[in-house]
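Hello,

Here is the structure I promised to pass on to you. Have a look first, and my notes follow below.

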Amino acid sequence: MEIDNHGNRLLVNEEASINVPAIAAAHVIKRYTAQAPDELSFEVGDIVSVIDMPPREDTSWWRGKHSFQVGFFPSECVQLITDSKSPPPAAVCRRHGKLAGLLRSFMASRPSKQRLRQRGILRERVFGTDLGEHLLDSGEEVPRVLVSCAQFIEKYGIVDGIYRLSGVSSNIQKLRHEFDSERIPDLSRDTYLQDVHCVSSLCKLYFRELPNPLLTYRLYHPFTEAMSATAEEEKLIRVHDLIQQLPPPHYRTLEYLMRHLSRLSMHSDRTGMHARNLAIIWAPNLLRSRDIESVGTPGADAFREVRVQSVLVEFLLCHVETLFSDTFTSIGKKCALPLHRASAAALFFCCM
C-alpha cells in the first residue's frame, strides 16, 4: 500500500489482467490500430478472446485479449465465432448468384468513411454524434470542442457564474455551426471575449446532446448505487472500478473534463462556482438514465435523482487525482482492466 502526495492511500493490485477468463472468441474482420495504451491493435484474420461485450446499443466498445495484451476495441471490427453446430448460412439461389456476387464486390470496393472524409465528400456532425465514433473519425484523443472551450475558459472565463449563466443564443448557435462544419472557431474574437458564457454554454450543450451520455446509460445505476456506500474508502474503490469500465473515449474525455472543472473550482472566490455548484450544473449533462427518460419520473423522485447525480459529480471533482491515478485499484479483486489508461491530463498543455 502506498501514499500519494495528498495523503490518500493507494490500493495496488498486483494480479495480472491477462488471467481474466474470456466469455467468447471472435475473428477480426476489420483492421484496427490502437489510439491509446488501453486499446488493442489487430489485423484482419486475427483471433481475439472477448472478456466483456456490453449490448451494442449501450456502447460500441468491447474488451478482450490479443497477443498477451488486454484492452478495448470497436465491436464492429470483429465477428463472434459461433458454435460449430450452428446452422450454416443459407445458400444463395443460383439465378441470383451473379447479382449477389456483384453486390459483394461493390460493398468490398466501397471507399471507407475515412477516405470519403479525406476527400471532403463526407462530413460528420460533431454535436449529437456518438462520442466513440466522433473520436474514431477525427483521430482525436478527446473532443476538440471540449479542448477549445476548456482552454478558452481557463484563460478568459474566470468570471462570476461561469457555467451557471447562459450566453447569447445566437453566439452559441454560431459556434455550434462552425464546429459542425469542421472548422475550429477563433474564440479570441471580441464577440466571444465579451460573451464568455456562450463558450461555456456550448461546452455543456455538446455533452447534453451525446446520444449515450459521458458516464453511459449502462453504468447509470451502478454509479448511483456506489454513492450509497457509507465509508469514503469504499466509495473511492467502487467509483474507481466503475470509471475503469467506461469505453476508452468516455474515460479519456471524463478525465480531461474533470481535471478542467477541478482547476476551475480553485477560482471559486472569483467565480462563485465551487465544486458543489459546478457539480449541480454539470450532473444532468453527464449522467442520464434511459429508464427515467422513457417513462418519466414524478417531481419528488426526479429531485432525488438529480441530487444523487450531483453528489456523484461532486465526488469525482473532489477526488479527481486519486480516481484517475494509474496505481489506484481495488484490493483482493481480479483487475479486469489494464492498470494504465490513457491520461488526458497532459493533453491540455500539449494543445495550448
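Let me start with two helices: Leu 131, Gly 132 and Leu 135 of α3 are in contact with Pro 249, His 250, Arg 252 and Thr 253 of α10 (contact means heavy atoms within 4.5 Å; helices are DSSP runs of H or I with at least four residues, strands are E runs of at least two, both numbered from the N terminus). By class, this contact has three nonpolar, three polar and one charged residues. Helix α3 (residues 131–138) and helix α10 (residues 248–265) pack at about 90 degrees, with axes 8 Å apart (axes are lines fitted to C-alpha atoms over the stretch in contact, and angles run from 0 to 180 degrees between N-to-C directions). The two are therefore roughly perpendicular (65 to 115 degrees).

A word on the source: this is a predicted model, where local features need pLDDT of at least 70 and side-chain atom pairs count at pLDDT 80 or more, while totals for chains, interfaces and linings use all residues. Residues are numbered from 1 along each chain as its sequence is written, and side-chain values use heavy atoms, leaving out hydrogens and water.

Now the sheet. Five strands form an open, antiparallel sheet in the order β6-β5-β4-β3-β7 (strands pair if DSSP finds at least two bridges between them). β6 (69–74) and β7 (78–80) stand at the edges with a single partner strand each, so one side of each has no neighbour in the sheet. Strand β5 (residues 61–66) pairs with β6 over six bridges, and Gly 64 has Gly 71 in β6 as its bridge partner.

Enjoy exploring!

Key: Parallel < 35°, antiparallel > 145°, perpendicular 65-115°, else oblique. Nonpolar A, V, L, I, M, F, W, Y, C, P; charged D, E, K, R; others polar.
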